[in-house]
Amino acid sequence: MITAEAAADSAVPSVPGTAVATVVPEREEPAWPWKDAPIRALVQRIHQLQAERAQAFRRLEEGHLQYLRSGPPYDFPRYRSTVHEVTQAFAAASREVLAVEAELAGPRGQPLLASHVRSLQQLEQTRLATVALLQLMGAPELSGQENTLEMHQLKMNPDPLL
């Protein structure tokens, strides 16, 4: 027979869901610095993000050229690291561009401007996918293997960086 004292000492609650919940303070989302900024400042931020994207494209191109010059044997780990860093930069810029677009479409009541920002984002995604595909097609390991299954799969998935 289980005594009341033994049941109280038990670590497992007798009825599911009756355990005492510990209160974990919720993390507050950091304030978005552009929340109350004028529309002009949002447009300027989009311009800055585009400059960051242009710099990331230059880093990707330079990394690819260094990769091609490195071999054989080719320094794939270094190239992979560059691609990873550039991917993070593109993802951060994209998140912020989408936040600006949402701000313009919603609270700011600027649907035309928001649609232009959305178009810009889509064009950047297409550009990145195209650059990635061109770099994959020019990879020394895949040269001369145009008809292989690997090349076909790479062509079917042109978004390795997105």
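Let's begin with one term: pLDDT is the predictor's confidence in each residue, on a scale from 0 to 100. You will need it here, because the structure above is a predicted model.

Helix H1 (residues 4-9) has the lowest mean pLDDT among the elements of the chain, at 44. How should you treat a region like that? Where pLDDT is low, the predicted coordinates should not be read in detail. Helix H2 (residues 39-69) has the highest mean value, 95. Taken over the chain, the mean pLDDT is 78, with 67% of residues reaching 70 or more.

Now look at the overall build. The chain has 5 helices and 0 strands, so from the N terminus on, the order of elements reads α-α-α-α-α. Of the contacts between residues at least 6 apart in sequence, 65% join residues at least 24 apart. Buried residues account for 25% of the 162 residues. The chain exposes about 11,500 Å², and carbon and sulfur atoms supply 59% of that area.

Finally, follow helix H4, residues 111-137. Its 27 residues, at 1.5 Å a residue, should span 39 Å, and this agrees with its end C-alpha atoms, which are 39 Å apart. Which residues of H4 are buried? Among them are Ala114, Val117, Gln121, Glu124 and Leu128. To think about a list like this, remember that an α-helix has 3.6 residues a turn, so residues three or four places apart point the same way. Further along H4, Ala129, Ala132, Leu133 and Gln135 are buried too.

Definitions and conventions. Residues numbered from 1 in each chain as written. Predicted model: local features only at pLDDT ≥ 70, side-chain atom pairs only at ≥ 80, totals over all residues. Heavy atoms only, no water. Helix = DSSP H or I, 4+ residues; strand = E, 2+ residues; numbered from the N terminus. Expected span 1.5 Å × (residues − 1). Buried < 20%, exposed > 50% of the residue type's maximum accessible area, 1.4 Å probe, protein only. Contact = heavy atoms within 4.5 Å. Areas by Shrake-Rupley, 256 points an atom, 1.4 Å probe, with all protein chains shown as cover.
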